[in-house]
Amino acid sequence: MNSKTKYLALTGLALFLMGSSVHAQTTLLPDFDDRSRLNHPTTPEDLDKNNTVSLAVGALDGENDFFRSYLTFDLADESPGMAVTITLFPKLNENNTSVLNQTYTLFQLDSDWDGATRPGPMGPPLATFNFTPATGASDDTTIVFSSPELTDAFNELAGNGTLYLGIYSPEAETAPAGTRSFTWLGSRHSGPSPELQFSGNPTVRIAADSPDGDFEFPAFIEGSSPSRTIRYEVLAEDGATVTFDDLVLTDDPAHPSNAFTVASVPSVPVTLGDGETIDITVTANGSTTGSFAGSLFIDTTSAGGSQDADVWDTTLPLASTVTGPPVRISGVYPHLAVSNSHNEVGIGAVVPWADRLWAITYGPHLPTGDNSNKLYEIDDQLNLVARPESIGGTPANRFIHEPSNQLIIGPYFIDAERNVRTLPYSVAPGRPTATAAHLSDPENRVYTFTMEHGLYDINVHDLSVITRYPDVQFKGDKFLFGMHGKGAYTGQGYFIAANNGRPSNQNDPFGPAGVLARWDGTTYAENDNSYLPLDPINSNTTYSEDIGPEPGEPHFMAGWIQDFTVQHCEVIGPGGIHGSRNPETDPVWATGFDAKSVLVRVFEDGEWTTWRVPKSSYTHDGSHGWHTEWPRIRQLDPSTPDSPYLMHMHGMFFDFPATFSSADFSGLRPISSYHKMPVDYCMFDGQLVIAKNDLSRMGNPLALRAQSNFWFGQFEDLADWGAPQGHGGVWLNNSVSAGETSVPFLINGFSRITLHLRNDGGSAVPVVIESSDGTGAWSPEKTVNIPANGYIFEIFNDHPAEWLRLKPEAASSDLTAYFLLSNPYPHASIASLGGDRFAALADIRDTAGHSDGIIRPMSGTDLQLELASNHGYHRIGENLELQDVHNASAESNLRSSGSLDKAFGDDAASVWITSGSTRLRLPRLDPLYDSEFLSGWPAASVRSSPSANC
């Protein structure tokens with residue numbers, strides 16, 4: 001732990017006016033605000049958006065660096081009438097080293113100060129707290145912000161706006177050198193993300209007005225509580241009144257549903273004056289599993305008051321009644337969408353077990369868990385149930401331990417009767433990424449590897465843990481090169497692990513990053529109470545904290561054999577998540593990547609063999625490793641011997657042969673390119689299921705709540721996702737010696753193949769091009785001569801071979817060999833001009849009536865979409881039915897905050913976008929795209945697309 005840092009977590013409490021019966025709780029998290037950053041005189045660094053350490057105030061070491069904290073709350077869909085308390089409290093009981101008293105001021109600020117050296121303009125203070133460092137061994141002072149002004153700030157914008165709050169300490173700028181005067185709010189070392197919690201039953205405030213009409217109160221129904229009470233309050237001027245003429249809960253205003261009962265209501269009509277309230281209890285009948293989106297419609301008559309009727313929307317959890325087949329769109333069931341309270345939600349693993357499909361969700365950097373990510377089970381009727389044992393976190397590990405007949409997924413151990421035991425994060429902290437068979441006691445123990453290189457040796461019976469190396473949160477520990485751990489597997493006498501990140505120079509595609517490493521089971525005590533010598537490769541990276549290994553303990557591992565300092569992701573073998581059937585002889589497969597291409601490696605008889613495979617996308621290339629998520633190689637149905645192995649990496653699916661080895665590397669072929677983010681896959685109930693990481697918020701105004709979903713289909717369907725397209729090289733400005741044969745490069749599955757060769761050396765270089773069918777024999781294709789400081793290309797369209805490799809007959813100081821590979825695009829014409837499945841999509845020159853608008857997911861847990869179109873304002877629930885909604889404030893907020901600005905430039909030659917200082921030119925299309933649409937500039941804003949999880 002950094003002795004100069006005080007760790008605090010931020011929570012808050014906002015109470016709705018209480019109804020008469022059921023008490024439920026939802027959570028509103030502050031959005032990540034990228035104005036919360038570490039400002040340094042020479043090297044500004046944004047705090048990590050994927051980590052909870054996004055809030056801080058104060059000075060660093062007495063220099064001119066300073067922290068500011070910003071909280072952003074989207075209140076567009078929240079009810080007013082709240083009492084707000086924001087509480088800061090210590091998490092780690094760190095020893096006190098600070099002697100500086102500070103005044104923390106909570107203030108409201110505008111959103112238009114970007115680029116200023118100081119935050120502002122600051123509004124009036126909302127609340128203050130005088131912080132006096134604790135005396136004694138730890139800082140245990142609780143900081144509470146609470147005031148009428150704070151409550152008023154929330155209420156003023158509730159239902160129609162975004163609230164920006166900042167925390168400021170003037171003493172931070174004048175702190176003496178070496179004095180700690182900063183405070184972490186929401187430590188990345190501990191605790192959940194900052195939260196503002198809403199407890200109790202919501203109060204819905206109605207503005208009295210004319211004309212009369214139906215008010216809609218959206219209701220998301222999920223299987224925990226059979227009824228809810230809602231308090232309706234009239235908010236009117238001059239004593240105006242509202243008469244409730246009719247109440248009905250329905251999934252369609254024209255077709256009332258019999259699944260729900262509106263009870264505990266005085267006889268209708270009911271007349272309410274200004275400030276008067278009515279409590280209405282809504283009860284769900286029938287089943288209490290699954291999910292259903294409904295709405296409460298209130299037919300009203302009103303008089304006096306303002307001109308615009310409105311109902312403040314909120315979220316209403318009820319019990320569920322799912323009847324009939326669920327909606328399915330292109331393999332996706334909207335009712336299976338999952339979410340959490342963070343900026344990102346991924347489905348980290350999916351495994352069939354005990355007649356259920358099990359899945360875990362994860363949020364960004366939650367090494368001690370949280371309360372919004374869940375363990376889910378799905379039955380064969382596609383009912384989704386969140387298990388009460390859920391402890392959240394950022395898990396992506398899965399393993400079936402056959403000797404004890406248990407599924408291990410995330411921190412959960414599940415037996416054949418679906419009983420769930422949980423390994424607490426307090427015992428094994430970190431973000432678990434892989435679980436693998438034990439080296440010496442596979443009958444009773446397993447290993448779990450974490451993203452920050454923790455290695456836990458777990459007894460599967462009593463869940464006792466031996467820490468083989470502690471999880472080192474964000475220290476950049478030199479014990480293992482790089483950071484951002486991924487896959488792990490046991491085979492060939494080793495526990496083999498991979499990671500795909502490095503702690504510095506993360507935008508540089510060259511140089512060492514990530515690692516592929518192995519451990520033979522030797523402990524620190526067995527190695528004469530010492531670690532293995534640190535490899536020289538560890539000196540090539542600047543770590544966030546320049547430290548070596550943690551102090552050794554007898555039970556720690558002795559250290560890693562680090563084979564490659566290249567980004568690696570998956571480590572697996574023919575046994576998959578069941579573990580190797582023949583661990584001494586079965587090969588171990590690994591995938592990785594560098595600036596040139598995807599890498600596929602096989603470990604056999606103490607040796608690694610390497611092949612190069614095309615990338616379909618550069619968007620996974622970050623040296624931090626975040627963009628690759630969880631590439632896998634997995635047999636879809638291990639119970640069927642001939643079931644295919646599916647591999648995905650860098651935007652492409654591959655059919656991976658079960659026999660892949662150094663002796664037989666034939667049969668690896670691309671299936672399709674894709675634009676989704678697959679995370680894991682398996683077969684369940686006769687269907688291929690792919691878990692994904694779909695929609696993240698990350699400051700995107702078109703994504704108000706993170707959400708992800710599953711895709712259901714067949715293995716053969718993947719070929720329709722997109723024709724395989726790829727690129728990659730064997731040399732990229734490399735110094736090459738005469739006779740130095742390149743690594744083989746995959747061309748199988750591509751009909752159009754171009755090899756580009758460039759020699760920036762001073763002498764011509766003859767290069768022999770060889771081909772192979774993957775059985776080990778190589779045949780010369782031709783010899784080409786690359787002139788000094790010159791370029792040539794070769795075409796190998798429809799080539800029958802599966803692999804090519806190159807052998808220079810002379811040395812070069814700078815040689816590049818790069819492939820571009822593709823297949824014909826399957827569509828012969830614009831989809832909307834034909835009679836195919838896309839005929840409903842409007843073409844730019846279609847003259848028929850069509851809708852034009854802005855669409856985005858809302859912030860509620862029901863994951864509704866909202867659409868502001870040229871026909872009005874609408875909501876879309878999980879049944880994908882478009883409903884007209886009268887909500888002027890919500891419509892105005894969507895049209896303003898989600899508007900599409902012109903984010904491109906253009907001239908007579910082309911259009912362009914900029915990335916940093918680089919201008920990227922794109923072809924011009926139809927001239928009609930030069931004009932703004934109703935919803936904004938078409939296809940112009942460079943941002944993530946909203947998703948209905950379809």
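Ile 854 stands opposite Ala 868 of strand E62. Strand E62 (residues 865-869) runs antiparallel to E61 and is joined to E61 by five bridges. Strands here are DSSP runs of E with at least two residues, helices are runs of H or I with at least four, and both are numbered from the N terminus. Two strands pair if DSSP finds at least two bridges between them. The open sheet that holds E61 has four strands in the order E61-E62-E63-E64, with antiparallel pairing. Strand E61 (853-857) and strand E64 (882-884) are at the edges with a single partner strand each, so one side of each has no neighbour in the sheet. On average, neighbouring strands of this sheet are turned by 25° against each other, direction ignored. Helix H2 (residues 888-897) packs on the sheet and touches E61, E62 and strand E63 (872-876); the direction of H2 makes about 80° with that of E62. Axes are lines fitted to C-alpha atoms, for helices over the stretch in contact, and angles run from 0 to 180 degrees between N-to-C directions. Contact means heavy atoms within 4.5 Å.

The model is predicted: local features need pLDDT of at least 70, side-chain atom pairs count only at pLDDT 80 or more, and totals for chains, interfaces and linings use all residues. Residues are numbered from 1 along each chain as its sequence is written, and side-chain values use heavy atoms, with hydrogens and water left out.

A further open sheet has three strands in the order E49-E50-E52, again with antiparallel pairing. Its edges are strand E49 (678-684) and strand E52 (710-713), each with a single partner strand, so one side of each is left without a neighbour in the sheet. Six bridges join E49 to strand E50 (residues 687-692), and Pro 678 stands opposite Lys 692 in E50.

Over the whole chain there are two helices and 67 strands.

The largest nonpolar core has 54 residues, and Phe 656, Phe 660, Leu 806 and Phe 819 have the most contacts inside it. Such a core is a set of buried Ala, Val, Leu, Ile, Met, Phe, Trp, Tyr and Cys residues joined through side-chain atoms within 4.5 Å. Leaving aside neighbours within four places in sequence, the contacts of Leu 806 include Trp 731, Leu 755, Val 767, Ile 769 and Phe 819.

The whole structure has 27 salt bridges, each a side-chain nitrogen of Lys or Arg within 4 Å of a carboxyl oxygen of Asp or Glu. Three of these pairs are tabulated here.

| Pair | N to O distance | Separation in sequence |
|---|---|---|
| Arg 431, Glu 452 | 2.5 Å | 21 residues |
| Asp 907, Arg 921 | 3.0 Å | 14 residues |

Arg 431 and Glu 452 are both buried, as are Asp 594 and Arg 612. Asp 907, at 28% relative accessibility, counts as partly exposed, and Arg 921, at 42%, also counts as partly exposed. Elsewhere, Arg 356, Glu 377, Arg 387, Glu 389 and Arg 418 are linked in a network of salt bridges.

Technical notes:
Buried means under 20% relative accessible area, exposed over 50%, partly exposed in between (1.4 Å probe, protein chains only).
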